[in-house]
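Here are a few friendly notes to read alongside the structure. Take the points one at a time and keep the 3D view open as you go.

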Amino acid sequence: LKSPMGINYESQDELLWGIFFEASYQIGFCLMEMNKMNTSAYYLEIASHSMQYRHVQEYINFLSNSKDPEVISVVENVMANSPKPENEESLGDWKFHMAFLKRRKGYALIEEERFEEAKTFITNELLNDPQCKDFAQSELNYIDEQLKKR
């Protein structure tokens, strides 16, 4: 297994790696709920290396909600390393995952007050995506309100 962060997990026992990543995810999630953010980040990052959508999404949610300055680069890295699956069974999950990543990137751009960049990104990438359309319109309205205040 190779993570999007470039870490190689070498072992012949994928079952053990699966248990390891799921345990890391569960520990990180629980620590986050207990407001132990630094320790939670450690475990959620480890879990994200599994490339399981749920694990990656929770790590990105953590980065986004904690306003981590690396969130956009992490999202872009995950997007670049999440190739479209060839089998139809996985396509729906992948589309949901990609929509999630795009929404998070848009949100992060807004949080960083990069309004023009966010507006362009949301208009070009999210507005025509049925899974993102409502979010996109809401965020574009928010951006317009923020720009009027300036």
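1. Let's begin with a question: which helices do the buried residues of α1 pack against? They pack against α2 (37–48) and α3 (53–65). Please keep in mind throughout that this is a predicted model.

2. Now for the whole chain. It has seven helices and zero strands, so the order of elements from the N terminus is simply α-α-α-α-α-α-α, with "buried" meaning under 20% relative accessible area. Of the 150 residues in the chain, 40% are buried. The C-alpha trace spans about 55 × 40 × 25 Å along its principal axes.

3. Contacts and surface are worth a look too. Among contacts in the chain with a separation of 6 or more, 49% are between residues 24 or more positions apart. The accessible surface of the chain is about 9,000 Å², and carbon and sulfur atoms account for 49% of that surface.

4. Back to α1, which covers residues 14–33. This helix has 20 residues, and the distance from its first C-alpha to its last is 28 Å, close to the 28 Å expected at 1.5 Å a residue. Its buried residues are W17, F21, S24, Y25, G28, L31 and M32. Because these residues cover an arc of only 140 degrees around the axis, they lie on the same side of α1.

5. What does the other face of α1 carry? The face turned away from the buried side has the exposed residues L15, L16 and E33. L15 counts as exposed because its relative accessible area is 62%, and the cut-off is over 50%.

6. Next, follow the chain past the end of α1. N35 sits in the loop between α1 and α2. Its phi is positive, about 65 degrees, although N35 is not a glycine. That deserves a second look, because most residues other than glycine have a negative phi. N35 is exposed, since its relative accessibility is 59%.

7. Where can you find another such residue? K67 is also not a glycine, and its phi is positive, near 55 degrees. K67 lies in the loop between α3 and α4 (71–80). With a relative accessible area of 55%, K67 is exposed.

Conventions
Residues numbered from 1 in each chain as written. Predicted model: local features only at pLDDT ≥ 70, side-chain atom pairs only at ≥ 80, totals over all residues. Heavy atoms only, no water. Helix = DSSP H or I, 4+ residues; strand = E, 2+ residues; numbered from the N terminus. Buried < 20%, exposed > 50% of the residue type's maximum accessible area, 1.4 Å probe, protein only. Expected span 1.5 Å × (residues − 1). Arc of directions from axis to C-beta. Contact = heavy atoms within 4.5 Å. Areas by Shrake-Rupley, 256 points an atom, 1.4 Å probe, with all protein chains shown as cover.
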